[in-house]
Amino acid sequence: MRAEKDGYDHYMLKEIAEQPRAYRDTMLGRIDGDSHGIVLPELQLAPEQIRQIQHIHMVACGTAYHAALVGKAVIERLTRIPVEIDVASEYRYRQPIIREHTLVIAVSQSGETADTLAAMREAKLSGAHILAITNVVGSSVAREADDVLFTWAGPEIAVASTKAYTSQLIVIYMLALYLSQCLNTLDAVTRTEMLAMMERLPVQIEEMLEDTRRVQRIAGELAECGNLFFIGRGLDYMVALEASLKLKEISYIHSEAYPAGELKHGSLALIEEGTPVIALATQEALLEKTISNIKEVKARGAYVIGVALEGNMDMAKTADEVIYVPRTHPLLTPAVSVIPLQLLAYYAALARGNDVDKPRNLAKSVTVE
Ligand code: G6P
């Protein structure tokens, strides 16, 4: 059994370690060095159709939904097309407004999630063009969509999704850049910069994974607690949601993710002496505000673990502990900042003696609505 795990104790740890490879495979052949652009030859959607898109809807469940949240932010930023996003099981009950030029993007690792399939079918009936982002060739989602972009993460066995999530992010970045090329909404210099930074991600993650002792130590401490919070602004909040889900899924520690600025509007009442707060602050434009939110929780006794870009001294001065992540383009930070938080969940679950790969009550793919 250990052989199948390439010497790792668990599939989850193996899959976390596979992320640099998954990033490379997912980018392979899709970044054109000559034109400094994205090429997606598999896409049926023609540039003329792309130029007619008025709205985008994104649907997904669980971890894939969290990748789609990043997708909404990035696609809107790079293309200026409005994007709505729904948890797939809610989509059809709100009678979404699908017009002639609505593109619906469904994100699903397995391609078999019943809720996502139902949302796709509903959208298809209303005439939308369906683009799937999935990891499984031949899956129902892949077969039923009009267009498919595959994530090449390879089989994911652990119930808690890691490499599939980050590969979804990579596809979403490439799709957003491709759309922006067709629409001419992003200058060539920024695009070239972003592409170069994307290509550096695998090496940066390899370096990050070389020494995970700090994360292991912090996870050991957190394993004792019953309750914790994740906070962040912008893309950091979206990663906070995913980090919180990961921790809940396998460690069974109760955690909640909040936009850093929203905590003071109610949930701050839950902070008491020693409550752990994991504060993500990788968005430099929002740093000052996030630091002031960290001070608010610290003043109420919170024990703050910051997640910040390498060299960020403000965080070192404010938080009790800091986990540093490598610098990249601000829109790409979720692809690096989530990695130590996946490890945090893994080591906390391990310290609590849980079955990391098969957490209680959960299934890898849920085929009922
Ligand atoms: C299940 C899994 C989650 C996953 C979700 C969506 O609930 O336990 O890890 O994120 O389904 O799965 P999908 O295959 O559609 O991405």
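Which is E76: buried, exposed or partly exposed, and how many other C-beta atoms lie within 10 Å?

Tutor: Keep in mind that this is a predicted model. E76 is partly exposed, because 14 other C-beta atoms lie within 10 Å of its own. E76 sits in helix α4. Set aside the residues within four places in sequence, and its contacts are I81, P82 and V83.

Now the helix itself. Two packed helices are described by the angle between their axes and the distance between the axes. Helix α4 covers residues 62-79, and its partner here is helix α11, residues 235-251. Their axes come within 9 Å and cross at roughly 175°. That angle makes α4 roughly antiparallel to α11, since anything over 145 degrees counts as such. On the α4 side, the contact is made by T63, H66, L69, V70 and A73. On the α11 side, it is made by L235, M238, L241, E242 and L245. By class, the contact of α4 with α11 has seven nonpolar, two polar and one charged residues.

Helix α4 also matters for the ligand shell. It gives the most to that shell, with three residues. There are 16 residues around the ligand. G62, S108, Q109, S110 and T113 come nearest. The shell is split by class into six nonpolar, nine polar and one charged residues.

Y252 is found in the loop between α11 and β9, which is 254-259. Its phi is near 65°, a positive value in a residue other than glycine. Y252 is partly exposed, because 15 other C-beta atoms lie within 10 Å. N361 also has a positive phi, near 70°, and is not a glycine. That residue lies in the segment after α14. N361 counts as exposed, because it has 7 C-beta neighbours inside 10 Å.

Q283 leads back to α11. It lies in the loop between β10 (276-281) and α12 (287-299). Leave aside neighbours within four places in sequence, and Q283 is in contact with R233, G234, L235, D236, P330 and T333. L235 also belongs to the contact between α4 and α11. Q283 counts as buried, because it has 20 C-beta neighbours inside 10 Å. E199 is 84 residues from Q283 along the chain, and their C-alpha atoms are separated by 20 Å.

Helix α8 (residues 163-183) and helix α14 (residues 334-351) pack at an angle of about 175°, with axes 10 Å apart. The two are therefore roughly antiparallel to each other. T166, L169 and I170 of α8 meet P334, A335 and V338 of α14. The residues of that contact divide into five nonpolar, one polar and no charged.

Then the core. The largest nonpolar core has 128 residues. A60, A106, Y173, A279 and Y346 touch the most other members. Take A106. Beyond four places in sequence, its contacts are V59, A60, T116, A119, M120, I130, A132, V141 and A145.

Two more residues complete the tour. I98 is in the loop between α5 (88-91) and β5 (102-108). It counts as partly exposed, because it has 18 C-beta neighbours inside 10 Å. Neighbours within four places aside, I98 is in contact with A123, S126, G127 and A128. I98 and H57 are 41 residues apart in sequence and 8.6 Å apart in space, C-alpha to C-alpha.

Y324 is in strand β12, residues 321-325. It is partly exposed, because 17 other C-beta atoms lie within 10 Å. Y324 touches A308 and E310, not counting residues up to four places away. I50 is 274 residues from Y324 along the chain, and their C-alpha atoms are separated by 38 Å.

Key. Residues numbered from 1 in each chain as written. Predicted model: local features only at pLDDT ≥ 70, side-chain atom pairs only at ≥ 80, totals over all residues. Axes fitted to C-alpha atoms, helices over the stretch in contact; angles between N-to-C directions. Helix = DSSP H or I, 4+ residues; strand = E, 2+ residues; numbered from the N terminus. Parallel < 35°, antiparallel > 145°, perpendicular 65-115°, else oblique. Contact = placed C-beta atoms within 7 Å. Nonpolar A, V, L, I, M, F, W, Y, C, P; charged D, E, K, R; others polar. Near = placed C-beta within 6 Å. Core = buried A, V, L, I, M, F, W, Y, C linked by C-beta atoms within 7 Å. Buried ≥ 20, exposed ≤ 12 C-beta atoms within 10 Å, placed from the backbone.
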